[in-house]
Amino acid sequence: MSRITCEIVNKQTGEVLHPLSHQGQKYIVTEAGTEFKVNVRLDNHTGKEHKIYLTIDGVDVGYSKIMYGTSGVSDATFEGYLQQQANNAPSLYRAFKFGACKPSEDAATVDHPDEIKAGRTEVTCDVVVPTGCRDTSQPLAQPVVVGDAAARKKLPEGKKWFLAPGLKAEAGSTVASTTNWNYTIYTPLSSLTPIKLRYDTADNLLLRKILNPSKPEHRAILRATRDQRLVRLGQEPGEASSRHTTAETVDLVEQAPVGPLVVDGRALGADEAAVCDLCDSDDEPRWQVQKKQAVDLGPEL
């Protein structure tokens with residue numbers, strides 16, 4: 001019986017992005033702007049050839065990999081989306097890249113996060129036998145156009161926004177790689193269990209309680225991010241911060257309102273604040289008025 005495993009690798013640092021397991025799903029914690037490649041390892045105990053396919057956000061990357069019938073361990077790397085196939089020169093690819101997923105106002109509305117294809121990677125593998133040969137004068141695959149189709153969906157108003165994926169796949173920098181294209185025609189005999197990975201931001205996975213700072217291995221992931229807020233959250237108990245803590249302000253609107261805030265038809269006083277728990281329910285957010293807490297700074301000097 002054969003077995004496949006895969007790794008998502010940061011192209012810039014060479015770091016393997018190890019997945020978290022939660023309720024039968026595996027999640028990669030990453031951030032927008034990171035380019036990556038996918039390494040696949042086959043542990044072959046059959047002596048038969050295997051054909052590996054990769055889809056990201058439901059889009060085929062434009063080519064497959066053949067793992068030949070040598071019993072033992074073999075590796076293959078998917079560098080990016082195919083752009084130009086060449087037989088006597090390096091073929092051109094666009095690197096895989098994590099990008100921010102921000103559906104437009106006119107995006108299609110769906111009832112369940114699983115209907116949004118963004119944030120998903122799948123590796124499938126068939127056990128195959130050769131049955132013929134293709135015309136070598138014809139290209140094996142067409143260039144892949146990576147668009148926003150996987151992200152053109154959104155949850156209804158009132159649904160927890162962090163249930164939708166915060167990242168999607170984009171085409172990154174151009175990669176030139178010499179590829180030995182295989183023109184053999186293969187017929188599948190059987191399929192191995194596919195590998196399915198989801199990916200998202202640390203903030204979203206924290207809100208879904210998938211990323212848990214109480215677990216040492218999860219704290220290590222938080223400390224590896226570039227966000228100092230998450231780095232502090234991932235510190236070991238009793239560990240002093242290497243940076244000074246600073247106050248952070250999150251602006252929930254693009255422009256500050258003119259005049260006093262109004263909640264339930266009543267203008268807030270100078271000693272009142274509007275408070276809303278965005279994580280409380282799936283329903284329309286409800287604002288409440290609370291008195292501002294007085295802070296005694298001591299006597300004047």
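Biologist: Which residues form the aromatic cluster?
Modeller: Phe36, Tyr81, Phe96, Phe98 and Tyr199 form one aromatic cluster. Keep in mind that this is a predicted model.

Biologist: Good to know. How many aromatic pairs does the structure hold?
Modeller: There are seven aromatic pairs. One of them joins Phe36 and Phe98, with 4.1 Å centre to centre and 10 degrees between the planes, and that pair is stacked.

Biologist: And where do Phe36 and Phe98 lie?
Modeller: Phe36 lies in strand 5 (residues 35-44) and Phe98 in strand 11 (residues 91-100), so the pair ties together parts that are 62 residues apart in sequence.

Biologist: Are those two, Phe36 and Phe98, buried or exposed?
Modeller: Both Phe36 and Phe98 are buried.

Biologist: What about Tyr63 and Tyr93, why is that pair edge-to-face?
Modeller: Their planes are at 70 degrees, with the ring centres 5.3 Å apart, so the pair counts as edge-to-face. The cut-off for that class is over 60 degrees.

Biologist: Which parts of the chain does the Tyr63 and Tyr93 pair link?
Modeller: Distant ones: Tyr63 is in the loop between strand 7 (59-60) and strand 8 (65-67), while Tyr93 is in strand 11, and the two are 30 residues apart. Tyr63 and Tyr93 are buried as well.

Biologist: Okay, switching to pockets. How much space lies in the second largest pocket?
Modeller: About 670 Å³. The lining of that second largest pocket is made up of 23 residues, and Val29, Thr30, Glu31, Ala224 and Thr225 are the ones that lie nearest its centre.

Biologist: Last topic, cysteines. How many disulfides does the structure hold?
Modeller: Zero disulfides.

Biologist: Then is Cys101 buried or exposed?
Modeller: Cys101 has a relative accessible area of 11%, so it is buried, given that the cut-off is under 20%. Cys125 is buried too, with a relative accessible area of 1%.

How values were computed. Residues numbered from 1 in each chain as written. Predicted model: local features only at pLDDT ≥ 70, side-chain atom pairs only at ≥ 80, totals over all residues. Heavy atoms only, no water. Phe/Tyr/Trp six-rings, centres within 6.5 Å; stacked < 30°, edge-to-face > 60°. Helix = DSSP H or I, 4+ residues; strand = E, 2+ residues; numbered from the N terminus. Buried < 20%, exposed > 50% of the residue type's maximum accessible area, 1.4 Å probe, protein only. 1 Å grid on protein atoms, 1.4 Å probe; cavity = no way out; pocket = protein on both sides within 12 Å on 5 of 7 lines; lining within 4 Å. Points joined across faces, edges and corners; volume = space filled by probe spheres on them. Disulfide = S-S within 2.5 Å.
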